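The structure comes first, and the notes follow by topic.

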Amino acid sequence: MKKPKCKRRFNLNLIFLFLLLIGFSKLFAQQTKSQLQKKALKAINTRYIEAEPKISANGEILYFTRRNDIRNKGGKNDMGDIWFSKLLADSTWSEAENMGKPINNQAFNQVIALYAGGKIMLISGEYQKNYHSDIYITAKSYLGWTSPQIIPFENLDFENNDATYSATSDLKVLIFSMKNFTNGYGKNDLYISFKTSENTWSEPQNLGNTINTKEDELYPVIAHDNKTLYFSSKGFDGYGDYDIFMSTRLDTSWYNWSKPVNMGNQVNTAGYDADFTFDASNNCAFISSDVESAEDFDIYRIILPEENRPSPVSLLRISFSNLLNDTSIKYTLCCNLLESNKLVISENNLMQASEIILPNGENYLIKIEAPDFLPFTDTIYLKNKINHHKIELNYHLLPPQISFLLSETISESGIPAVSSPIELNDSLLKGLSFKISKINQPFTSIFPFKTISKNNPLNVMIQNINFEIGSTGLNSNEKKILELLAQELAKYPQLSIEITGHTDNTGNAEINMKLSEERAKEVASFLINQGIAQSRITYKGSGQNEPLMPNNSEENRKQNRRVEFKISLN
């Protein structure tokens, strides 16, 4: 009799434990749903399937694929068109719009990666007959998006291969999830391919068994820091179906990765979690999940826990315009590491604003070249920055009579910096008004040599030629900038250069006058050593008599410790 009684008590304990587990699972599910903040995306999610999100680096445009919407190019039977939504001023999202032709057709269409401020896209689809590759590139111009052009790969056929992709922010590295390919460990594995020439990539290589398992590894995402990898998998311990994991690249080879870590219940649910994307701030992410219905995928916005965020990066936006007229200026942008001079980014034939992502922990030298204008440089200091920064540089070309650019900069927080107006008395500039922001970086110069005449000299100032208090020495960065100036001046031997040194108001005025002349002499000597004839160069000092900014802060005084150039015909 006791044995059945004990069995009954044991069964009751099991039932109680089972009910307790159900309660905890429901609580967990509710807790997970609350993290997803679906209400913030009500303009995006519908009764149709929304998946494959891709957010722009500035966080302002969200692209995604919507299936079976009757407004798709293939109607309700269409497997997926690319749609987009814009972030509004009140932090909600606009009503989603179909991208239309030539991006969408009756096949499946998906955004893989965004580049150059969202003006270049890698997309997946079927746009050309007799080609099995389903990765294409398209660019945005003033006429709209160009027809997608195929990207060829070495020894790779995408036919009957259910692949998903990701690319680095510079489009130099692609990571695939593919099945039925060489050296696999299971079903879908992750592979890597490198850009070998213009729009051509190498044969994909397996990322190895630290990342890949006997199960599926899907939807890879390379963070903007180019070293943190996110992907979905069933091959590691998780919360249910597919979970999102993260791994860090341990060296420069792209084949040595840390052990994948589950991103936890603030990201993963008991359902299918995949399609992970985030902007350059790394604060929040967008994922595709079926947490509410196994038949209906929606897009959710989540706040990324600190431990799940990649290394911080900064977003630099550069615009370059001609204020004299509406003529567009075609320019080239190069970004090098300041200390090693290693090329990081190179963009050619730009005519619009450009955005580039720069990992924190390094200082950078930006160089912009335009035909008939002096190349100019800018320095971006991120070596000691630990948080995301948004830097906006708006370069405006003024008429030759003024002949320098005003560099209007937005503060790192995105709020316009306090500005001090400058009076422009030249009659040619009536009706125009300009402001110079009080920022850490002084003005940037750029001027057209072909406009110089005896009656039309150019008064210019080169950015970042400043001095320490009481010093006449040039640092390595300032010497690099003067080397660029000397290279350009060597092309125009008919030009003469007058160099004027300036100081702030610290100390004695008589000493400052001598100090300013020594600064001008130091710059003149450097140019002479670079091969500019001594007969072309004169120099003088102006002391503290011509301040550029009020001497009421160390930041302003630094800008006043400068040299200026007057360039004219011999």
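**Largest cavity**

Strand β5 gives the most to the lining of the largest cavity, with 4 residues. The model is predicted, so local features need pLDDT of at least 70 and side-chain atom pairs count only at pLDDT 80 or more, while totals for chains, interfaces and linings use all residues. Residues are numbered from 1 along each chain as its sequence is written, and side-chain values use heavy atoms, with hydrogens and water left out.

- A cavity is a set of points, on a 1 Å grid over the protein atoms alone, where a 1.4 Å probe fits but cannot get out; lining residues have an atom within 4 Å of a point.
- Grid points are joined across faces, edges and corners, and a volume is the space filled by probe spheres set on the points.
- The count comes to 3 cavities of 30 Å³ or more, and the largest cavity has a volume of about 370 Å³.
- Of the 29 residues that line the largest cavity, A57, L114, S169, H224 and I357 are the closest to its centre.
- Elements that give two or more residues to this lining include β1 (49–55), β5 (110–115), β24 (343–350) and β25 (354–359); strands are DSSP runs of E, at least two residues, numbered from the N terminus.
- The lining of the largest cavity has 16 nonpolar, 9 polar and 4 charged residues, where Asp, Glu, Lys and Arg count as charged, Ala, Val, Leu, Ile, Met, Phe, Trp, Tyr, Cys and Pro as nonpolar, and the others, Gly among them, as polar.

**Rings**

- The whole structure holds 13 aromatic pairs, meaning rings of Phe, Tyr and Trp (its six-membered ring) with centres within 6.5 Å; planes under 30 degrees apart are stacked, over 60 edge-to-face and the rest tilted.
- Y230 and F278 form an edge-to-face pair, 5.4 Å centre to centre with 80 degrees between the planes.
- Y230 is in β16 (residues 228–233) and F278 in β19 (residues 273–278), 48 residues apart.
- Both Y230 and F278 are buried (under 20% relative accessible area, 1.4 Å probe, protein chains only).
- Ring pairs link Y230, F276 and F278 into a cluster.
- R66 lies over the face of W83, 4.4 Å from the ring centre, and R249 over the face of W254, at 3.9 Å; the rule asks for NZ of Lys or CZ of Arg within 6 Å of the ring centre and within 35 degrees of the ring normal.

**Sheet**

- An open antiparallel sheet of 4 strands has the order β15-β16-β17-β18; strands pair if DSSP finds at least two bridges between them.
- Its edge strands, β15 and β18 (261–262), each pair on one side only.
- Strand β17 (residues 243–248) is joined to β18 by 2 bridges, and M246 stands opposite V261 in β18.

Key. Buried < 20%, exposed > 50% of the residue type's maximum accessible area, 1.4 Å probe, protein only. 1 Å grid on protein atoms, 1.4 Å probe; cavity = no way out; pocket = protein on both sides within 12 Å on 5 of 7 lines; lining within 4 Å.
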